[in-house]
Amino acid sequence: MARSTVDVDTARPTGSPPGGRGRAGLGVGSDGTSSPLGLVLKIAALALLAAVAVWGAVPLVRTQNWIGLAVLVAVTLLGFYVYLSPRTIPLKYLLPGTLFLIAFQILPIVYTVATAFTNFSDGHRGSKEEAIAAIEGASVQQVPGSPVYDLTIAADGDPSTGDLVFLLADPTTDQVFAGTSDGLAPLSAADVQRSDAGRITAAEGYTVLDVAQISDRQDDLTAFTVPTDDGAIRNQGLSSAFDGAPQRAYDAGCDCITDAASGRTWTADDGNGAFVADDGQTLAQGWRVGVGLRNFGAIFTNDVIRSSFLRIVVWNFAFAFLTVLITFGLGLLVALALNNPMLKGKTFYRSLIILPYAMPAVAMYLVWRNMFNTDFGLINRILGTHVNWLGNTASSMVAILLVQLWLGYNYMFLVITGALQSIPKDLTEAAGVDGAKPFYAFRTITFPLLLVALAPLLISSFAFNFNNFNAIYLVTQGGPFSPDNPSAGGTDLLITYTYRLAFGGAGADYGFAAAISVVIFLIVGVISVLAFRRTRALEEVN
Amino acid sequence: MRGCRWKLAVGAIVATTTLGACGGGTGDAGGGGDSGLLIWAGSGTGGDALKQVAQRFGEENGVPVDVELLPGDELQTNFVTASQGNNAPDVVCGAHDWIGNLVQNGTIDPIQLLPAVREDLQPLAVQAVTYNGQVYGMPFTMNSLVLYRNTDLAPDAPATIEDLVATGQQLQAAGRVTEVLALPVSDTGNAYFMYPLFTSAGGYVFGTAPDGSFDSTDLGLAAPQAVTAYQQIGALGEKGQGVLKRSISAENDLSLFTDGHTAFMVEGPWQLPNLAKSSVPYDISPVPGFADGGPASPFITVDACYVASRGEHRTLGQEYVANFWSRPDVQAAYQKAAEAVPASLTVLDQIRDTQPLVAEAADIAAQSGQIMPSIPEMAAVWDPWGKAEAAVVAGADPRTTITAAATTIRGAIGG
C-alpha cells in the first residue's frame, strides 16, 4: 500500500502480475492491486457492490423512488470508477469512510434539522391527499336499511383480465344479483349454484375467482365498486359486501370537507395542515406542513419549560460531569492498584472487574431500581434502613450516580489499564532516581500523560452521559416529581424531560422533538468544541 | 416521507438495513410477489394463540399467512411508521385504546359488523372498538381488573374497601401477612390500577357525550370530585392507613401474593394462568369500593384486530378481521389457546363450567367496567395522572396535586 505514492502511469510498480502488462487503461493491476489475492479480493468486493446495488434497486423501482434510484446508480458507478481507475488513489482510501459519514452522520442531522421546521407528528404525518383519503375512507357507512350481501368475487371472462363482477346473494330476501361497474342486475336463480349457506358458488357466464386470483387483482378490487342509488356496493373481504357511502367528501372548489349528514364543513388550513371548522374544531386527520420557527418558539415560550429548564440544565451538567469524574476516579484507583507488578493473580482480578461491563446495562438498571425499593429492596434490607431512595431528589441523585459508578468504572478501568501500559516505565523510574516520591511522580508525570491519552475518551463519555436516556428513564424515570409539577422531575435530564414533552401529548410530536434535539445538539456541540480546544492546549504543554 | 426516501436510497447504497429502520419488517411486508396475509401482533400473552388462529385461516383459504410478533410497547409506533413507508402489514392486532391514534394517522379502516356478529359480542366490547360512530376492530378479549384473594387467609370476598382493610390489618396484626393489599402504585404511579377506587369515590377521566363518545374538553381530573376522591385515596396511603404504597408495583405485586405476604391483590385476569401455577388457593371477586361511595369501576380494555388501510392485501385482511375473526368457533379456538377472557358471548357460555374463574372475570368486566377512552388525548393523561396519584399516596395535598396534574394535561392536549 505504500506504493500508492508511485505515479502508476509512468512508473509501473515492481512485482505487478504479468497479466496486467499493457492493460493499464483498464486499471487492473496498475493501481496497486499487485498481488493475485488482492485482485481476487477487489473483484469480489466490486461484485458485492454490484449485487448490493441490484438488491437495493428493486424496492426503489417498486416504490417508484426515482431520485433514490438515481443516487444509487450514481454512487455505484462512482464506486466502480474509483476502484477501477488508476488515477484515483486518494479517493480509494477516502470513499468508503466518506459515504458512511454522509449516510450515518450528516443525513440524520440534516433530516432532524429539516423535521424541526415541520409539524410532523401523530395526525400530521403524510400528505394532504393521504389525509383526504383517510377522512373519506373512515366515513364510509352502510346505507341504512340495505343488506349485507354474501359475496362471491368473479370475473367476466378471463380470471386475470376480465372485468370484475360481484355475485351477490341477499340473505334476507334470498335474491341473487350480479354487480358490475354499471350497477346491480338481478340474476335468475336457475343460472346460479349456491352453497348450503346461500353463497353463490358458480354462475352462468362468469368465472369465479379463487383466493390467489383475487389477491393478484387487489388493485383492481380497490378501485371497483358497484354503484347503487344511495352509494356503492363494496366488498368487505372475500365473502361479504355492503352498500356504503362516504359521509364526508372533499370539494376542491372550496378546499373543504363537507359532512353529508350534518352539512358541516371543515376548510383546509395549509398553515397548520388541518381541516378546521368555523368554530375552531379540527378533523383528526391532518397533513405535514412546514411551520417555520414555531417549534423553536414553543421551546422558549412554554411556561412549563422555562420554569424547570435551568434547574434541569444544571443537573444535566452535574450528572454527566460527576458520572465521568467518579467512574474515572474509581477506575484509576483500581487500575493503579492492579498495575502493581508485585500483585499476584492480576488477570483474575481484572476479569472479575470487567465482568459487570459484559452484562446488558438495560437489565442492570432495572435490577438496581428494584434494589432501591423502600420496602422490599435489597439495599434497605442489608442496611436495615427504611429510606425511600428514589422518593426524594437528593437521595435519588445519589442512587443514580451509584448505579452509574457501578456500571461505568469497569470501562474506565479497562482503558486506564491500557493507557498505563503504554507509559514508559523509565520516566517514573528516572523521577524516582531524582528523588521524587511515588505520589509526586504520579501527579506530575503519569497522570498528565494519562490525561493526554484519555482526554478524548473522557469527553466522549461526557457527551454520552449528557444524553444518557436509559440510565434515568429506567432507574428513576426522571423522578421524584414534586406534587405541583408532574412534567419535570428531580433527576430529569434534558433528554428525558423533552421526551416527556414531545411524546407525552396526544400522540408523538416529532417536529417539536427534533427542535429540542437541535437545541441539545448545539449545547453539546459547543461544549465538545471548547473541550477539544482545551485538550489541544494539554497536548501543546506536553 | 422525503427523509425516509433519502434514507432508503442511502441505505441501499451502503448495503445496510436502513430500509428496516424506515419501515420495519420491510423484507416480509413489502417484498411483494407472494400473495400471503401478513399480521402483526404483540409478543406478549396470546401471541402464540394468535399464530394458531392465523394458521387456520391460511388452511381454510389456501393462502400463506405470516404472523410477526413484535414487542407490545413498540407495535403501535412501528405500525404507524410502517404505514407511512408503505410497508404496512395487512392486519394489526392490539389494544382498543390505540384506535384514536391509528385513525388520526389514517392507518386503519372501519369494518361493518353483521347483526349476528354484533349480537355475539359483549356490548361493551363493541362499544370499545367503536370510534366516531364507526367500528374499527374485531374484539377478541375483554379485560378488567379484579380482586384476587388468598382463600386460606380471607375466605370471604370483601364487600367494601373498609372490609378489606379490616381483614388485612387483622391478618397483619396476627403476623400472617406483611401487606394489607397488593395494588400496584410505583414511584411514578399507575392510574389504571387505581381507577376502581377513584371511580368509587366519585372520580371520572373524561366526560361522555350523549352518544357514548368521550369528550376531551370535560376533564375529570379538573372536576371537584377528583379532589374528594383523592382525599379518600390519600387516607389509605403511606401517611394514612399504609394500605397503598409506592413500593408496590406491577413488578412485585404478583410475588407478594403468591408468596403469601398479602391476602389481597388487584390485578388483571391475565394473571389467572400464572396463579394457577402457584400453590396459593385463590378466588376472584369485583374490586370493592368505599362503603359510602359509588360502585368501583375498573377500566375495560379490549384486544382487537384491525384492517390496515395500506396493507398490500386489503381484501384478505378484511376477510380475516371482519368475516373470519367474527366466527364464534375461531374466537373459541383463540380462547382455548390463550386462556383469555373472551369477548364473544357464545364462547363465554361454552367456558362457564370448564373455566369458571375466566367466566367470572368476564362477568365482572361486563357488570362493573368502564371502557378505557380510546381518544388520542388519553395519551396525555396517563403520565401526569399517575404521578399525581403517587404523590397523593405518598401524602401530598390532594388539591394542589390534582390541580397541577390537570393543568399539565390541559397544556398537553391544548384543551
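Predicted model: local features only at pLDDT ≥ 70, side-chain atom pairs only at ≥ 80, totals over all residues.
Which residue of β13(A) does R248(A) stand opposite?

Figure 1. Chain A contains 17 helices and 15 strands. Its radius of gyration is 35 Å, well over the 24 Å given by the globule rule for 542 residues, so chain A is more spread out than a compact globule. Along the principal axes, the C-alpha atoms of chain A fill a box of roughly 115 × 85 × 50 Å. Of the 542 residues in chain A, 32% are buried. Among contacts in chain A with a separation of 6 or more, 59% are between residues 24 or more positions apart.

**Figure 2. Close-up of the open sheet of 4 strands in chain A.** The strand order is β12-β13-β14-β15 (chain A), and the pairing is antiparallel. At the edges lie β12 (248-251) and β15 (274-276) of chain A, each of which pairs on one side only. From one strand to the next, the twist averages 30°.

**Figure 3. Close-up of the strand pair β12(A) and β13(A).** Strand β13 of chain A covers residues 256-259 and pairs with β12(A) in the antiparallel sense, over 4 bridges. The residue opposite R248(A) is D259(A), in β13(A).

Definitions and conventions: Residues numbered from 1 in each chain as written. Chains lettered and ligands numbered in written order. Helix = DSSP H or I, 4+ residues; strand = E, 2+ residues; numbered from the N terminus. Rg over C-alpha atoms; globule rule 2.2 N^0.38 Å. Buried ≥ 20, exposed ≤ 12 C-beta atoms within 10 Å, placed from the backbone. Contact = placed C-beta atoms within 7 Å. Pairing = 2+ DSSP bridges. Axes fitted to C-alpha atoms, helices over the stretch in contact; angles between N-to-C directions.
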